[in-house]
Amino acid sequence: MAGAATTLHWHGDHASKYESRSATREAPWVKGLILGLSLTFFAVFLLLPLVAVFVEALRKGLETYWLALVEPDALSAIKLTLITAAIALPVNLVFGVAAAWAIAKFEFRGKQLLTTLIDLPFSVSPVVAGLIYVLIFGAQGWFGPWLAEHDIRIVFAVPGIVLATVFVTFPFVARELIPLMQAQGKEEEEAAVVLGANGWQTFWHVTLPNIKWGLLYGVILCNARAMGEFGAVSVVSGHIRGQTNTMPLHVEILYNEYNFAAAFAVASVLALLALVTLVIKTWVEWKAAQAQAAIEK
Amino acid sequence: MSIEVRNIRKQFGSFTALDDVSLDFPTGELVALLGPSGCGKTTLLRIIAGLESADSGSVLLEGEDASHTHVRERQVGFVFQHYALFRHMSVFDNVAFGLRVKPRKERPSEAVIRKKVHELLELVQLDWLADRFPAQLSGGQRQRIALARALAVEPRVLLLDEPFGALDAKVRKELRRWLRRLHDELHITSIFVTHDQEEALEVADRVVLMDHGHVEQIGTPEEVYRHPATPFVYGFLGAVNHFHGRAEDGQVRVGEDLLHRGQDALALTLDQGAPVVAFARPHELDILPGEAGNLGVAAKISRILAFGVTARIELDGVNGSSGQHFEVELTREQVERQGLAEGQPVRLVPSRLKVFEQKGA
C-alpha cells in the first residue's frame with residue numbers, strides 16, 4: 001500500500017536508462033531468465049485463472065450464462081454487493097480523509113497508536129473481523145439482547161455486512177493519503193488561512209485539489225475490495241439466499257451445489273468488475289501523471 | 001500600522017523558543033529579525049501573524065491587543081520561505097485567492113479582482129506569467145508571486161519568513177534590492193526574518209538581533225555593526241577575530257603576550273584573572289613584521305589570499321595563543337610594501353578592540 005503513492009507519480013523511463021548503462025546492464029541470460037520466470041508466473045497464476053473463469057462461465061453457452069445472472073438470487077446478490085459498496089465507499093472516504101488529515105497535519109497524544117491501528121484491518125484475518133461484529137451485535141453478543149428488544153437486526157442482515165465491509169476496507173483511503181499529505185506539509189493551508197480563507201474554503205480550494213488523485217486511487221482500491229470481500233462478510237452474513245448473500249458468497253453457494261456454470265457466471269461478473277476497476281485505476285494514474293507533467297512543463 | 005509585542009514566552013517541550021521578548025515595530029519601517037537558526041525569530045514572526053500562539057504575553061496591533069484575534073482577522077500578509085504557492089492554481093488564481101475567499105458582502109466583483117490582480121502582477125513585474133503554474137516558475141519569480149498574493153488583501157503589516165532563504169546567491173541579491181525599493185514605494189510596516197547578516201544590514205531600516213530566545217540588540221544597521229552591544233552580536237555580524245585571554249592589571253594577557261590597542265596599553269576595570277574575550281574585525285588589525293618587540297600578540301602567517309583589491313591574511317597564534325586563528329584584511333599594496341610572506345612570524349596590533357568579560361568560562 002505504501003508503494004501506491006509512489007506508483008502514482010512514477011514517470012516511466014527508468015527502465016530504459018537502467019538498461020542503457022553498462023554499469024547496471026545484466027548479461028542476456030540473466031535478463032532472459034528473470035523475464036521468463038516472471039512471465040511464466042504471470043501466465044500461470046494471473047492470466048490462466050482469469051481466462052478459466054470466462055471459459056468455464058460460457059462452457060454451457062450464452063443462454064445458460066445469461067439465465068444464471070438474471071435468476072432472482074443472483075440479481076439480489078449483485079444488488080446487495082453494489083449497495084454495500086455504495087455505503088462503504090462514502091463512509092471510508094470521509095473517515096479516511098479525516099484520519100489522514102489528523103495524522104498528517106496535527107500533533108496529538110496517541111497519534112502513533114492511531115497510525116498503527118489504521119492498519120489493523122489489513123493485519124487481522126477477515127474471519128476475525130467478522131467475528132468481532134458477531135460478538136458485539138450477535139444474539140449472544142454485548143448488545144444482542146438490547147437489539148433484539150428493539151427489533152433491530154445487524155448480524156445476519158444487511159447492516160452487519162456493511163459494517164464488516166467498512167471495517168475491512170477502512171485502510172485504503174487513509175493509507176493512500178497519509179504519506180501524500182505528510183509530504184505536502186501544511187504551508188499551503190497556512191497561506192490560505194492567512195489570506196482569510198475559512199476552514200471549509202481551505203479544504204475545498206487548497207487541500208482537496210492537492211490530494212484528489214491519491215484520493216481517487218484509494219477509493220478505487222477500496223471499491224475493489226468492498227465488492228470482493230469474502231471472509232468477514234461470510235461470518236456476519238448468515239448466507240440467506242436472496243437476502244444476505246453478496247456476490248462472492250453467492251458464488252461459493254453455487255459452487256458447493258455443483259452448479260459450476262452458474263458459479264462461474266457470477267464469478268465472471270466479479271472478475272469483470274475487477275477489470276473495469278483496473279482500467280479506471282490505470283486511467284487515474286495516467287491522468288495524475290499528465291496533470292503532474294502539465295504543471296511541471 | 002505599528003506592532004508591539006510584550007513579554008512573549010514560548011516553550012516547545014523543554015526548549016525555550018522565546019524568553020520574555022518585548023519589541024516595538026513602528027509604523028512604516030522595514031525591520032529585520034536576525035539570528036542563528038533556533039534563536040526564536042521565526043517563532044516570533046509566526047506569533048505576530050497568529051499562526052502560532054504564545055504561552056504568555058501579548059501582541060498589539062495598532063495599540064490594540066490582538067492576542068486572541070484569529071489569524072484570519074489579523075489582516076497580515078505572510079510570505080513563506082518555501083513560497084507555499086497553491087501548486088494546482090495558476091499564478092493569477094494564486095494572487096486572486098485572498099480576494100475570492102472574502103465573505104460575499106465584502107468580495108469585489110470578478111472584474112475588479114481581475115484589475116487588481118493585474119496591478120499587483122505589474123507591481124512585481126511578472127504580469128506576463130499570469131497563466132503559468134508555480135512549478136513552471138523560477139524560485140525568484142515564485143517568491144515575487146507569493147508577495148503579490150500576500151499584498152492582494154491589502155494587509156496592514158507584511159511578515160516575511162526567510163523570504164530569500166531558498167534562493168541562490170545571485171537572485172537573492174537582486175530580490176533584496178527589489179524588496180527595499182518596493183518597501184520604499186508602499187511604506188507598509190514589514191518584518192522579515194533572516195539568518196543572513198548581510199541581507200539584514202543591507203535591506204532593513206532597523207535590525208533586531210536575537211539569540212536563544214532573547215533580544216540581544218536593536219538598532220540601525222550602522223549602529224549594530226559599528227557598536228555591537230554583546231559578544232554574540234560581535235561574533236554574529238561580520239567576520240571577527242577573537243582573542244581569548246585573562247585580565248591582568250587592567251590589560252588583557254593572551255598567552256604570553258599583552259594585547260594593545262594601537263600604541264596604548266588597555267586600561268580596563270576587570271577583576272584580576274577574569275577570563276575575557278576581545279574582538280577586532282579583520283580590517284581593524286595591523287600586522288607588524290618580525291618577532292621582536294613586545295607590542296601585540298605574536299602570530300605566524302599561514303596563508304595569504306590576494307584575489308581582489310584587498311588581501312586576506314590568515315594567521316596562527318604562537319606564544320601560548322597557539323590554537324587560535326586570526327584573519328587580517330589589508331590592501332594588496334600594504335602586503336607588498338610590508339613584504340609579507342607565508343610562514344613569516346609577525347605581531348598583531350588591533351587599532352580598534354572591544355573587550356567583554358567571558359561568562360561561564
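Helices, as counted here, are DSSP runs of H or I with at least four residues, and strands are runs of E with at least two, each numbered from the N terminus. On that basis chain A of this predicted model has 16 helices and zero strands.

**Chain A**

| Property of chain A | Value |
|---|---|
| Box filled by the C-alpha atoms, along the principal axes | roughly 60 × 55 × 30 Å |
| Share of the 297 residues that is buried | 41% |
| Accessible surface | about 16400 Å² |
| Share of that surface belonging to carbon and sulfur atoms | 71% |
| Distance between the mean positions of the 19 positive and 21 negative charges | 6 Å |

**Chain B**

In chain B, four strands form an open sheet in the order β2-β1-β4-β5, and their pairing is antiparallel. Its edges are strand β2, covering residues 15–25 of chain B, and strand β5, covering residues 64–65 of chain B, each of which pairs on one side only.

How many bridges join strand β1 of chain B to β2(B)? Strand β1, which spans residues 3–12 of chain B, is joined to β2(B) by seven bridges, and the two strands run antiparallel. Within this part of chain B, F12(B) stands opposite F15(B), the latter lying in β2(B).

Note on methods
Residues are numbered from 1 along each chain as its sequence is written. Chains are lettered from A and ligands numbered from 1 in the order in which they are written. This is a predicted model: local features need pLDDT of at least 70, side-chain atom pairs count only at pLDDT 80 or more; totals for chains, interfaces and linings use all residues. Side-chain values use heavy atoms; hydrogens and water are left out. Two strands pair if DSSP finds at least two bridges between them. Buried means under 20% relative accessible area, exposed over 50%, partly exposed in between (1.4 Å probe, protein chains only). Accessible areas come from the Shrake-Rupley method with a 1.4 Å probe; for residues, only the protein chains shown count as cover. Lys and Arg count as positive and Asp and Glu as negative; His and the chain ends are not counted. The place of a charge is taken as NZ of Lys, CZ of Arg, CG of Asp or CD of Glu.
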